[in-house]
Amino acid sequence: MKLFPLFTDLHDRLVLVVGGGAVAERKAQALLEAGARVRVGAPELTSALAGLRNQGRVEHLAGRFEPAWLDGAWLAVAATGDREVNAAVSEAARARRLFCNVVDDPELSSFQVPSIVDRSPLIVAISSSGVAPVLARRLRERIESLFDHSLGPLAALAARYRARIRAAHPDLGARRRFYDWLMDGPVAALLRQQRPAQAETALDQALARPEPAPEGSVALVGAGPGDPGLLTLKALRALNEADIILHDRLVSDEVLALARRDAERVSVGKRPGEDHNATQARIHALLIEHARAGRRVVRLKGGDAFIFGRGGEELQALREAGVRYEVVPGVTAALACAAYAGVPLTHREHAQSVSLVTAHCRDDDNDLDWPALARAKQTLAFYMGVSQLELLSARLIAHGRSPRTPFALIENGSRPGQRVLSGPLERLPALADAHGIRAPALLIVGEVAALAPDLHWYGQMLEGAPQPAAA
Ligand code: SAH
């Protein structure tokens, strides 16, 4: 280890910043945020620095660097962009045994300023010892995405309760378990949900109990349509924290690969011979059983859990069982398929509304309001429609939608094998059949679908007539 990491208390301590440009300005501002007294030495200042000087928030020494500028300083930062001046600052600081950072110049520096992730009072500092600042920044971005902003308030709360926690749990092992519970359990969840008063109540109550039993919970998480890049940061965090993941068949392997290594993964899709309600009842029982055993359960569903995902029923079951839960939305298939096929779902002239419709209807026309669906100037996005294309196209046309209405049928949306087929509604079943389109596929019907051949940008485009078979 070439550099020894330190967190310095600069409150009310003088720091010299040499330079008056944009870099010096950033440094001065960061130092002010840490409570330092800042002296800026430079012939000229940026307007922001001049503003700070005029407000009396920084002291300004005009002119070229002189060693006397260091009088009274605890640290020095050289940010002039002129190597000669920077070297002079570094040299003068060394002579006085002051630590000096020369921006982007590890050779001249006796300390480095790390990249930080600020969840004050928690601060993560990353350094590449000054040799690969870009790498350090990228690492910072990764870490930034892993911890949400409730971590700061959680650390502050833990700090305020530190003495009480110690008194309630004098035994070190018990105290550790309590802190684990604090970081992973309901208090953290309530802070994430922006409910600080309830979080504090939960903490008070836990301290009144001897030792809290591990409390399980369920996160109902939308996994999106397949491309792992479409996961939300919250979904990623939930996957990182899960003890067990109960997922549907539709969830892609790439998404599952992002989960914590030792999280148990269980596919809970429909079993052969099992009806949908039996599957659902089995899933409810599993969710409740694992949560009651104190585990952090992620219920991972394709797309969004509240769009044709029976997420509402699962929450009701959890609520009845008294299991704590949260919901993380996902990118639903209609949004993802439209985006990845270049089809805007609404359009100023051609579509003032969009409907998400299930084609998986029990008694064909009894379930759907065909006259309403057949009206012009709206976009329809049909889920679960691959086996019903004949019926869908016939019913829409019978109820008055023009046979020329364009459609786009997106197979494996956002996944490596994505194919988009487009054409007029009247030819939908024949074209889909000719190209052998299979589930999962999403059907978009409406004038906007005509844009797919022009605007598509991902995967394969199959247009109009089926390709003639190669001779
Ligand atoms: N909750 C899911 C939908 C579940 S219903 C969501 O919000 O997306 C399953 C149907 O979704 C499939 O039959 C198909 O119509 C659609 N679907 C899901 N993922 C898809 C994908 N990657 N490409 C195309 N259609 C998809």
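Me: In strand β8, which residues point the other way from Ser 217, Ala 219 and Val 221?
Reply: This is a predicted model, where local features need pLDDT of at least 70, side-chain atom pairs count only at pLDDT 80 or more, and totals for chains, interfaces and linings use all residues. Residues are numbered from 1 along each chain as its sequence is written, and side-chain values use heavy atoms, leaving out hydrogens and water. Ser 217, Ala 219 and Val 221 take one side of β8. Facing the other way are Val 218, Leu 220 and Gly 222.

Me: How many residues of β8 are buried?
Reply: A strand here is a DSSP run of E with at least two residues, a helix a run of H or I with at least four, both numbered from the N terminus. Buried means under 20% relative accessible area, exposed over 50%, and partly exposed in between (1.4 Å probe, protein chains only). β8 covers residues 217–222 and is mostly covered, with a buried count of 6 of 6.

Me: Is Met 384 buried or partly exposed?
Reply: Met 384 sits in the loop between β14 (379–383) and α16 (389–398). Its relative accessible area is 40%, so Met 384 counts as partly exposed.
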